[in-house]
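Please view the sequence and the structure below before reading on.

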Amino acid sequence: MSNFDKIKSITIKQPLKLDCGKEISNFPLAYETYGNLNEKKDNAILVFHALTGDQFASGQNPVTNKEGWWNYAVGPGKAFDTEKFFVICANVIGGCMGSYGPGTIDPTTNNPIGTNFPVITINDMVNAQYNLLDHFKIERLFAVAGGSMGGMQVLQFVSNFPNKAKVALPIACTASHSAQNIAFNELGRQAIMSDTNWKDGLYDGKTSNPDKGLAVARMAAHITYLSKKGLQEKFGRNLQERSDLKFGFDADFQIESYLRYQGSVFVDRFDANSYLYITRAMDYFDLTKQHGGNLSQAFKDSKTKFFIISFTSDWLYPTSENKDIVIALNAIGADVGFVEIKTDKGHDSFLLDVPDFLSTIKNYLSTTYLNINERRI
Amino acid sequence: MKEEFKVISKLIDERSRVLDVGCGDGILMEYLSKNKVVDVRGLEISKEKVKKCLSNGLAVVEGNAEYDLKQFPDLSFDYVILSQTLQAFMSPENVIKDLLRVGKKVIVTIPNFGHWKIRVDLLFKGEMPITKNLPYEWYNTPNLHMCTIQDFYNFCNNKGINIFKTISLNGQKTSKITASNLKYKNLISELGIFLLEK
C-alpha cells in the first residue's frame, strides 16, 4: 500500500472535542479535490462520502486503482461539474483511506490503534472536515452534498454551521437512524466481531485480518442497497456457470456468487474496525434528538437552500424518512425543494447512472449558482 | 405570458411569501420571481414537472395538496395560489380549508363551467363540453369537481369565506365581478379569479 504516499492530507492541530468526551489533536484528515477554486472562492462544493466511500469521489483511486465512488456524478460536464465547481471530498475520521482512524499506526506500539480508537459520531466527522474551509481559505461553500451517510453529514454540517453553505443536497438519507438500519449495522458488526481474527479489534492488519467477518458484513449490507425488483431482474434464479443444481452449498445461484464476489473484493480495500466505527456513528445519528425532539430546530438559523432527493425503490432510507426532513424544513419556512426519483436500483441509486437524478442535480446547481450570483442572495 | 398570471401577479404585494399549490412547470413561479420581489415556493404532484422546476432552481416540493399541505404551519405564507387545480381534487372543500389555514390570503382561479359556450354545447349537442381550458373527454378528465363562477361564489358565501376581489377573464379581457353583475359574468367568463381570506 505504498500508494498511500500519494494521498493529500491536512493535519488538524487544534484539539477536537469528540461527542464521547475524549479529545483528539494533531491528527490527519485525508482529502482530494477536483476542478479549480475560482478567484472569488465561491464555487466550492464539499462532498461527503457514505459508509464505505473515501475521498476519491471521481477519477481513479490511486490506492485501489478503482474508479471513484461518485464517478457518475463528479467530473467535467457531470452533475457536479468540475469545469465550474471546485469539489472537495475528505475521508471521514474513523475511515481507512488516510484519515485518522482505527487503522492508524500508534507510534508507541507500532500497531494499529484498533479498538483503542475513540467512538466517533457524524457530528465529529463534520467538525473535523470543517477545518478544510480554513485550509482552502473558503469563507462560504457554494454547496454541501452527499448520499446516505454523506447526506447525514450534510444535515449535520448545515445544522452546525448555518451560514457556511448556500446550498445543501442531502440525498437518500435520514435525520434519525431507524431501528431497521441499526439492526442491519449490528448484523454486520457481529459478523466482524465473531471472526476469530478480529481479536477484540487488536489484529495487526498485516498477518491476519477478520476478512471473513468483514466479507459477510458487506454481503448482508449489499442486499440492503438493492431492491427486490432490481435483484430479481438482474439475477432471478439464474444458475452460476452450471446447468443444474449441485445439491451442495457452493454458489449455485448467480446472486450467491455475486454477493461472495462483492464480499471478497471489499476486504481488499476496507478495514474491519473502520466498518465497526463508521456504522456505529451512523447508528448514533439522531439530529432530531440533538435538538430536543424538534428537527426544525436543527435548521432554524439556516439561510441555506435545501434540495432533498429520495428514490422510489430505496427501502433502507425510504422516501418517508427523507420527507420528514422536508416537513421539518417547511415548518420553519426554509427554502426547500424535494423530489422522489423513480428507479428500481434501490438505495444504491445515488451512486449509479440514474439519468433523471444526475441531470436534475446538474441543472439545479448551475441555475442556482447563476441565480445566487445575479441576485446576490 | 398567460393573462391569468398577470392578474395573479397584480394581486400580490411586494416582499411577500407565496406558495403556488399545483405549480406545474413553475411558469407562474418564474414570472412572479422575475417581476416581483417575492419569496415563492411550489408544491406539485407530477414528478416530471417537479424535476423541471428544480432544474430551473425553483424551490418546489413533490407532493399532493390533499395530504401535504398539512406540513405547512398556520399562516406561514402571505399568499397561497391555486391556479385551475381545485376541480381536480377529491375533496376541494378540505383543500380550500387548508389553503385558508396556510395562507393569510388565498388566490383561487377556476375554469368556469358556466361559460355560455359550455352551456350551449350541453344544450344543443347533449354531450359533455370540450373546450380550450377543459380539453378532456368525460372518461379521462382529471377534473372531478367542475363548478361555475356562481357555484364558487355561493360556496364562499355559505362557508363564511371572505371574497376580497373577483376578476373575470375572457380571452385577454379582464373585468371585475360584483354581486350585481355576477349572473352575466358567469355567462361570459372563461376563468374566474378569486382573492379570499378566512
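In this predicted model, the side chains of A:Lys229 and A:Asp344 form a salt bridge, with 3.2 Å from N to O; the term denotes a side-chain nitrogen of Lys or Arg within 4 Å of a carboxyl oxygen of Asp or Glu. One salt bridge is counted between domain 1 of chain A and domain 2 of chain A. Chain A and chain B, in turn, have three salt bridges between them.

**Basis of the values**

- Residues are numbered from 1 along each chain as its sequence is written, chains are lettered from A and ligands numbered from 1 in the order in which they are written, and side-chain values use heavy atoms, with hydrogens and water left out.
- Because the model is predicted, local features need pLDDT of at least 70 and side-chain atom pairs count only at pLDDT 80 or more, whereas totals for chains, interfaces and linings use all residues.

**Domains of chain A**

- The assignment divides chain A into domain 1 (2–177 + 287–375) and domain 2 (182–278), with bounds that come from an automatic or database domain assignment.
- The centres of the two domains, taken over C-alpha atoms, are separated by 26 Å.
- Domain 1 of chain A brings 32 residues to the contact and domain 2 of chain A brings 28 residues, where contact means heavy atoms within 4.5 Å.
- About 2400 Å² is buried between these domains, and carbon and sulfur atoms give 60% of that area; buried area is the accessible area (1.4 Å probe) that two parts lose on being put together, summed over both.
- A:Leu51, A:Thr52 and A:Trp315 supply 24% of the area that domain 1 of chain A buries against domain 2 of chain A, more than any other three residues.
- Between the domains, 11 residue pairs are in polar contact, both residues being at pLDDT 80 or more; a polar contact is a pair of N or O atoms within 3.5 Å, and within protein one must be able to donate a hydrogen and the other to accept it, while residues adjacent in sequence count only if both atoms are side-chain atoms.

**Interface of chain A and chain B**

- In this interface, 25 residues of chain A are in contact with 18 residues of chain B.
- The two chains bury about 1800 Å² between them, with 51% of it on carbon and sulfur atoms.
- One salt bridge joins the side chains of B:Lys47 and A:Glu340, at 2.6 Å from N to O.
- Across the interface of chain A and chain B, 10 residue pairs are in polar contact (both at pLDDT 80 or more).
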